[in-house]
Amino acid sequence: MSGAVEAKLAELGLTLPEVVPPLAAYQPAVQSGPYVYTAGQLPMVAGKLPVTGKVGAEVTPEEAKDLARTCALNALAAVKSVAGDLDRIKRVVKVVGFVASASDFTGQPAVLNGASELLGAVLGDKGVHARSAVGVTVLPLDAPVEVEIQVELEQG
């Protein structure tokens, strides 16, 4: 099932990926009432990380911003796995992003703009959200960035 949101993705030259299988004992997304909460999504492409390491050291901020976009795409795939159709998204409520950062790197918000800008481009006003951008020492599989989202669905 696909609709306007997936048509917008295609217009932007993007394809919704398959849901990234869990790396441990959790679900990629769960629904509670009208809300879908995703697990933290790594920037997996075809089952692997394209880049590893710390942002501000092995990974440039520009690369990390692109990886955050990939995380957001993976999060949308996780939402679809629960909601059935991305057109049911009423709005993105919250985005939380984690950036594996070199000790002197302070550009986490700019990195997470990759995810935020993608959600805005795909969902328009429905993609405007609250956000946290957090620097951390290390992420699973030495990923440079991880993103989770919370969305509210239209009832029905």
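Trainee: Which residue in E5 stands opposite valine 36?
Mentor: Valine 36 stands opposite valine 151 in E5. In this predicted model, local features need pLDDT of at least 70 and side-chain atom pairs count only at pLDDT 80 or more, while totals for chains, interfaces and linings use all residues. Residues are numbered from 1 along each chain as its sequence is written, and side-chain values use heavy atoms, with hydrogens and water left out.

Trainee: How do you know that E2 and E5 pair?
Mentor: Two strands pair if DSSP finds at least two bridges between them, and strand E2 (residues 35-38) has 3 bridges with E5, in the antiparallel sense. The names come from DSSP runs, numbered from the N terminus, where helices (H or I) have at least four residues and strands (E) at least two. Another bridge joins tyrosine 35 to its partner in E5, glutamate 152.

Trainee: What makes E3 a partner of E5 as well?
Mentor: Strand E3 (residues 89-100) and E5 are joined over 9 bridges, again in the antiparallel sense, and in one of these isoleucine 89 has leucine 153 of E5 as its partner.

Trainee: Why are E1 and E4 called edge strands?
Mentor: The open sheet has 5 strands in the order E1-E2-E5-E3-E4, with mixed pairing. Strand E1 (29-32) and strand E4 (130-136) each have a single partner strand, so one side of each is left without a neighbour in the sheet.

Trainee: What makes glutamine 41 buried, and where is it found?
Mentor: Buried means under 20% relative accessible area, exposed means over 50%, and partly exposed lies in between (1.4 Å probe, protein chains only). Glutamine 41 has a relative accessible area of 4%, so it is buried, and it is found in the loop between E2 and H2. Leaving aside neighbours within four places in sequence, glutamine 41 is in contact (heavy atoms within 4.5 Å) with residues including Val20, Cys71, Val145 and Val147.

Trainee: Why is tyrosine 35 called partly exposed?
Mentor: Its relative accessible area is 28%, so tyrosine 35 falls in the in-between class, and tyrosine 37, at 36%, therefore counts as partly exposed too.

Trainee: Why is the pair of tyrosine 35 and tyrosine 37 called tilted?
Mentor: Rings of Phe, Tyr and Trp (its six-membered ring) pair if their centres lie within 6.5 Å, and planes under 30 degrees apart count as stacked, over 60 as edge-to-face and the rest as tilted. By this rule there is 1 aromatic pair. The ring centres of tyrosine 35 and tyrosine 37 are 6.5 Å apart and their planes are at 50°, so the pair is tilted.

Trainee: What makes a set of residues a nonpolar core?
Mentor: The set consists of buried Ala, Val, Leu, Ile, Met, Phe, Trp, Tyr and Cys residues joined through side-chain atoms within 4.5 Å. Of the 39 residues in the largest such core, Leu76, Val145 and Ile149 touch the most other members. The largest share, 12 residues, comes from H2. Apart from this core lies another, of 7 residues, among them Leu42 and Met44.

Trainee: How do you know that strand E5 is mostly covered?
Mentor: In E5 (residues 145-153), 8 of the 9 residues are buried.
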